[in-house]
Amino acid sequence: MKIKLSSVEDAPFISRYYLENAEHLKPWEPIREPGYHDISSWKSRLEMRELEQNQGQAAYFLAYTDDSSKIVAVCNLTGIVRGPFQACYMGYSVSRQHQGQGIMKMLCQHALDYAFNSLNLNRVMANYIPRNVRSEYLLKSLGFEKEGLARKYLSINGQWEDHILTAIINPKNR
């Protein structure tokens with residue numbers, strides 16, 4: 001597995017990732033407008049993401065196969081807030097074909113190391129739908145702790161879903 005920060009050149013690969021995994025990710029994703037995952041749409045979004053990354057506002061990681069032919073997982077650090085908060089949100093997904101192989105944990109750990117050591121954040125938050133047992137186990141294995149329940153937190157697949165709120169604190173600050 002190769003991990004890299006996203007760039008505009010990744011557009012065809014990330015488009016393919018989401019189109020191939022549409023049914024697999026559907027229960028965990030918002031409903032998107034037609035064309036959202038087209039290559040041209042991804043090029044535009046990736047240009048904006050590069051700006052966000054350059055400004056320290058986000059980090060978008062992609063995990064590729066060893067031969068760099070296909071994306072197998074994504075992990076994003078978004079909503080970075082500085083000042084006294086020093087925190088962000090982490091979101092992630094793995095292809096149906098590669099789930100259960102430890103790829104997601106490796107990619108998320110890479111993102112956490114980046115958050116705590118390169119961005120010097122104090123806190124990373126990740127939230128999951130209560131029935132998403134895989135996310136629950138992943139976050140627990142990474143050291144996230146449950147902090148609460150947010151009722152009707154996000155519109156996912158056309159329905160307002162409750163989410164379990166979790167966070168991990170930078171080990172240097174514990």
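Reader: Which helices and strands each supply at least two residues of the lining of the largest pocket?

Author: In this predicted model, the helices that do so are helix 2 (22-25), helix 3 (39-54), helix 4 (103-118) and helix 5 (133-142), and the strands are strand 3 (71-81), strand 4 (87-94), strand 5 (123-128) and strand 6 (145-156). Strand 4 gives the most, with six residues.

Reader: What makes a residue count as part of the lining of a pocket, and which residues lie nearest the centre of the largest pocket?

Author: A lining residue has an atom within 4 Å of a point of the pocket, and for the largest pocket 44 residues line the space, of which Trp28, Glu29, Gly91, Tyr92 and Ser93 lie nearest its centre. The volume of this pocket is about 1200 Å³.

Reader: What is known of the second largest pocket, and which element gives the largest share of its lining?

Author: The second largest pocket holds about 250 Å³ of space, and its lining is made by 13 residues, of which Ala22, Lys26, Pro30, Arg32 and His37 lie nearest the centre. Helix 1 (11-20) and helix 2 are the elements that give two or more residues to this lining, and helix 2 provides the largest share, three residues. By class, six of the lining residues are nonpolar, three are polar and four are charged.

Reader: How do you know that helix 1 and helix 3 are in contact, and what is the geometry of their packing?

Author: Contact requires heavy atoms within 4.5 Å, and the residues that make this contact are Ala11, Pro12, Ile14, Ser15 and Tyr18 of helix 1 together with Ile39, Trp42, Lys43, Leu46 and Arg49 of helix 3. These residues divide into seven nonpolar, one polar and two charged. The two helices pack at an angle of about 115°, with their axes 9 Å apart, and helix 1 passes helix 3 in a right-handed crossing.

Reader: Why can the radius of gyration of the protein be said to agree with that of a compact globule?

Author: With 174 residues, a compact globule would have a radius of gyration near 16 Å, and the protein has 16 Å, so the value agrees with the rule. Along its principal axes, the C-alpha trace spans about 40 × 35 × 30 Å, and the protein has five helices and seven strands.

Key. Residues numbered from 1 in each chain as written. Predicted model: local features only at pLDDT ≥ 70, side-chain atom pairs only at ≥ 80, totals over all residues. Heavy atoms only, no water. 1 Å grid on protein atoms, 1.4 Å probe; cavity = no way out; pocket = protein on both sides within 12 Å on 5 of 7 lines; lining within 4 Å. Points joined across faces, edges and corners; volume = space filled by probe spheres on them. Helix = DSSP H or I, 4+ residues; strand = E, 2+ residues; numbered from the N terminus. Nonpolar A, V, L, I, M, F, W, Y, C, P; charged D, E, K, R; others polar. Axes fitted to C-alpha atoms, helices over the stretch in contact; angles between N-to-C directions. Left-handed = near helix turned anticlockwise from the far one by under 90°. Rg over C-alpha atoms; globule rule 2.2 N^0.38 Å.
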